[in-house]
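Student: I have a structure open and would like to understand how its parts pack. Can we go through it in questions and answers?

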Amino acid sequence: MSFKRSLPAVILAIAPAAVVLVIMASILYGAKNISAQVIWDSVFAFDADNVDHQIIISSRLPRVIGAMLIGVFLAVSGALMQGMTRNYLASPSIMGVSDGSVLAVTLFMVFMPNGNPNLYIASSMIGSAIGAAIVFGLAWCIPNGLSPVRLAILGTIIGTFLSGAADAIATYFQVSQNISFWYNARLHRMDPELIKLSIPFAVVGLTLALCISKSVSALSLGEETAKGLGLRVGLTKALAILSVVILTGVSVALAGKIAFVGLVIPHIARFLSGSDYRWIIPVSGALGGVFFGALRYCRPFCQLSL
């Protein structure tokens, strides 16, 4: 029992080492293997004329860092949504949040093809907010609409509609090829500048998620119980949705819609950590980052190059 209680702390303690291991393995091995000395030189003595240095700095390093960040964002978002709604089927990909982001990015690329990269992230977050608002707004209006099964069905329907709208707009304006990146989630096309721009948003979203983790634990017991404990339920839900919108919007802006990470990883974290979201949320982030970073080796999934 004592080991079970200490397991979340153990996971978080070894997470930094696992992150470093995944990053090193992702840089060292690929279609062309690169030595550790070359990696060292590329970081501390970068030579723009050296092909290996270019591969590391412009391709492999952004790819693995971006993949790990996305894994963290989606896993934490899924944990928040599942705790907030008491629905273990909840995740950004199922509740229409990711599809709203894809639609917003599609509209942005159609009407502002040369827009500032900052606006990719902003438009994606706006889209995720709209997707979440539509799903939860309709669920609130439907009798028993917030029940786990009905909420999941409603989220799937709205998500399919938003995704279909994005496809239709892309086809009509003949930009399907240009925005196929966001539909296929090809991790090998990570934009280093976009990753840098996403860091401040990520810090805000993750900090917010950690700050409300105790409140989410109370909320996961039920609204009546949470109110009895003195929790401001409306404020907690608003902050949780804000965190989900930020993290999901950033992840879609970086690599498009990615399913199941936000659904599966929180279940694993809950199995390992128990019912306390003060542990579930950080453990979900650690597992999601390492898991998705390790998927760099699954070539059919990631469509890797170099």
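Student: At what angle do H3 and H13 pack, and how far apart are their axes?

Tutor: This is a predicted model. Two packed helices are described by an angle and a distance between their axes. For H3 and H13, the angle is about 145 degrees and the axes are 7 Å apart.

Student: Is the crossing of H3 and H13 left-handed or right-handed?

Tutor: The contact involves residues of H3 including Ala67, Gly71, Ala75 and Gly83. On H13, the partners include Tyr277, Ser284, Gly288 and Phe292. The crossing of these two helices is right-handed.

Student: Which word describes how H12 and H13 lie to each other?

Tutor: H12 covers residues 261-273, and H13 covers residues 277-294. They pack at about 125 degrees, with axes 8 Å apart. Angles of 65 to 115 degrees count as roughly perpendicular and those over 145 as roughly antiparallel. H12 and H13 are therefore oblique.

Student: Which residues of H12 meet H13, and what classes make up the contact?

Tutor: On the H13 side, Trp279, Val283, Leu287 and Phe291 are among the residues in contact. H12 brings Val261, Ile265, Pro266, Ile268, Ala269, Arg270, Leu272 and Ser273. By class, the contact divides into 13 nonpolar, three polar and one charged.

Student: Which way do H8 and H11 run relative to each other?

Tutor: H8 spans residues 192-211. It packs on H11 at about 160 degrees, with the axes 9 Å apart. Angles over 145 degrees count as roughly antiparallel, so H8 and H11 are roughly antiparallel.

Student: What is the handedness of the H8 and H11 crossing, and how many charged residues does the contact have?

Tutor: H8 passes H11 in a left-handed crossing. Leu194, Phe201 and Leu208 of H8 are among the residues that meet H11. From H11 come Leu239, Ile246 and Leu254, among others. The contact has 15 nonpolar residues, three polar ones and no charged ones.

Student: How many cavities of 30 Å³ or more does the structure hold, and which residues line the largest cavity?

Tutor: The structure holds one such cavity. The volume of the largest cavity is about 30 Å³. H3, H5 and H11 each supply at least two residues of its lining. The lining residues are Met81, Met84, Val97, Ala132, Phe136, Ile241 and Val244.

Methods. Residues are numbered from 1 along each chain as its sequence is written. This is a predicted model: local features need pLDDT of at least 70, side-chain atom pairs count only at pLDDT 80 or more; totals for chains, interfaces and linings use all residues. Side-chain values use heavy atoms; hydrogens and water are left out. On a 1 Å grid over the protein atoms alone, a cavity is a set of points where a 1.4 Å probe fits but cannot get out, and a pocket is an open set with protein on both sides within 12 Å along at least five of seven lines; lining residues have an atom within 4 Å of a point. Grid points are joined across faces, edges and corners, and a volume is the space filled by probe spheres set on the points. Helices (H or I, at least four residues) and strands (E, at least two) are DSSP runs, numbered from the N terminus. Axes are lines fitted to C-alpha atoms, for helices over the stretch in contact, and angles run from 0 to 180 degrees between N-to-C directions. Angles under 35 degrees count as roughly parallel, over 145 as roughly antiparallel, 65 to 115 as roughly perpendicular and the rest as oblique. Contact means heavy atoms within 4.5 Å. Ala, Val, Leu, Ile, Met, Phe, Trp, Tyr, Cys and Pro count as nonpolar, Asp, Glu, Lys and Arg as charged, and the others, Gly among them, as polar. A crossing is left-handed if the near helix is turned anticlockwise from the far one by less than a right angle, and right-handed if clockwise.
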